[in-house]
Amino acid sequence: MMYSTCWRLVSVNTTRSTSRLYHYGNNPTIKLNTGCPIPVLGLGTWKSKPGEVLEAVKYAICVGYRHIDCALLYGNEKEVGQAIQAKICDGTITRENIFVTSKLWNTFHGNFCKVKEGLEKTLTDLCLPYLDLYLIHWPTGFVQGDELWPKSPNGEIAVSTEHHFTCVWQEMERLQKIGLTRMIGVSNFNQAQINKIMSIANICPVMNQVECHPYLNQVQLSSFCKEKTINITAYSPLGARDFVSAGTPGPLDDYMISCIAKKHCKTAGQILIRYQIQRGHVVIPKSVSPERIAQNFEVFDFSLSDQEMNMILALERGKKGRIIKFLEAAAHPEYPFTEQLEKSDPAKKKA
Ligand SMILES: NC(=O)c1ccc[n+]([C@@H]2O[C@H](COP(=O)([O-])OP(=O)(O)OC[C@H]3O[C@@H](n4cnc5c(N)ncnc54)[C@H](OP(=O)(O)O)[C@@H]3O)[C@@H](O)[C@H]2O)c1
């Protein structure tokens, strides 16, 4: 499958941002639909353990990262906050030099008080007065309470349909209006769900954060979001090694990626990150290793050719390529990856 798309790095601003207040050093930015810049490369923090993430975030900021991707669910926002504070205190950055994203967890889908409670917990833990970007983590609500993974009596996750994500979106808009977050967006939303948001929104989402790597390229969703002026952040861009069982081969082990890496004297990780940036996506690889944090930032000194971009794109595996299936929420009517639930047609198999 070949695409004639021109893969040039579209409108990436490698100089200091034109925005008076918010500027991000040497981390190139793209503009969101608000006109505000976002650094194209951020540090992921899912599964970065307390005890590791403090040093990882501090080191990343020293290396030049100006974008940290967080979530209440990750259980490490306190340490991420301590790291950001440490780098503000030692004068490396100001609050305006660091783009911080976090996400509203499913058990906080509710009325304004509940949604605000979710954001306020994150702000308290991060020790920040406001976020740059707040995302609805998933379109699926869970039953509210102290448990982040509430269980029904039958042992399944207790999903809740009481507050549809369109209502949650309206509360997100209020959070932006009162200044607790500069911008709002969504994560793990499919096209139909984006359309539902657009039909009621006064504020257009700036971002849809979704799984994206060569085995799940999200070509359709990416161009659909682009049409709607919504940017894509590619999560698990390296294949989420902390999540898959040890030894499962992923895009980092792909022969094609290693050939391209060799040609550019780069690592497979750097190719996978550069690939997303050239697609116009924001990308948030996670690492707690100083060596890999630094390596993952060295992606602005080379380019992939159109042919290489197409070769990587051709590694697409469709629904088999999805790693984060989130089947815990499969019973929810707004479960976003319905293709994951479709059984393969045995008649087709025989043909
Ligand atoms: N919105 C959502 O629902 C959602 C879902 C998943 C992820 N995310 C976000 O996206 C971020 C990234 O995704 P992810 O954490 O799933 O996985 P990822 O970034 O694809 O991969 C992280 C894994 O790759 C390793 N790694 C990092 N750099 C490497 C390199 N250059 N070479 C080889 N291995 C390398 C890391 O190990 P070391 O740490 O040991 O380096 C870690 O095991 C998350 O941390 C989170 O912030 C969001």
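**Exercise 1.** What is the mean pLDDT of the chain, and what share of its residues reach 70 or more?

*Solution.* Start with the ground rules. This is a predicted model, where local features need pLDDT of at least 70, side-chain atom pairs count only at pLDDT 80 or more, and totals for chains, interfaces and linings use all residues. Residues are numbered from 1 along each chain as its sequence is written. Now the score itself: pLDDT is the predictor's confidence in each residue, from 0 to 100. Its mean over the chain is 92, and 92% of the residues reach 70 or more. Next, look at residues 1–19: here pLDDT is below 50, and the stretch has 30 contacts beyond near neighbours in sequence (a contact puts two C-beta atoms, placed from the backbone, within 7 Å).

**Exercise 2.** Work out how helices α2 and α3 meet.

*Solution.* Helices here are DSSP runs of H or I with at least four residues, numbered from the N terminus. Take the axes (lines fitted to C-alpha atoms over the stretch in contact, with angles from 0 to 180 degrees between N-to-C directions). Those of α2 (residues 77–89) and α3 (residues 112–126) come within 7 Å and cross at roughly 45 degrees. So the two helices, α2 and α3, are oblique to each other: oblique is what's left once under 35 degrees is roughly parallel, over 145 roughly antiparallel and 65 to 115 roughly perpendicular. Finally, the residues: E77, K78, V80, G81 and I84 of α2 meet T122, D125 and L126 of α3.

**Exercise 3.** Find which helix gives the largest share of the shell around the ligand.

*Solution.* Helix α9 (residues 290–297) does, with 3 residues.
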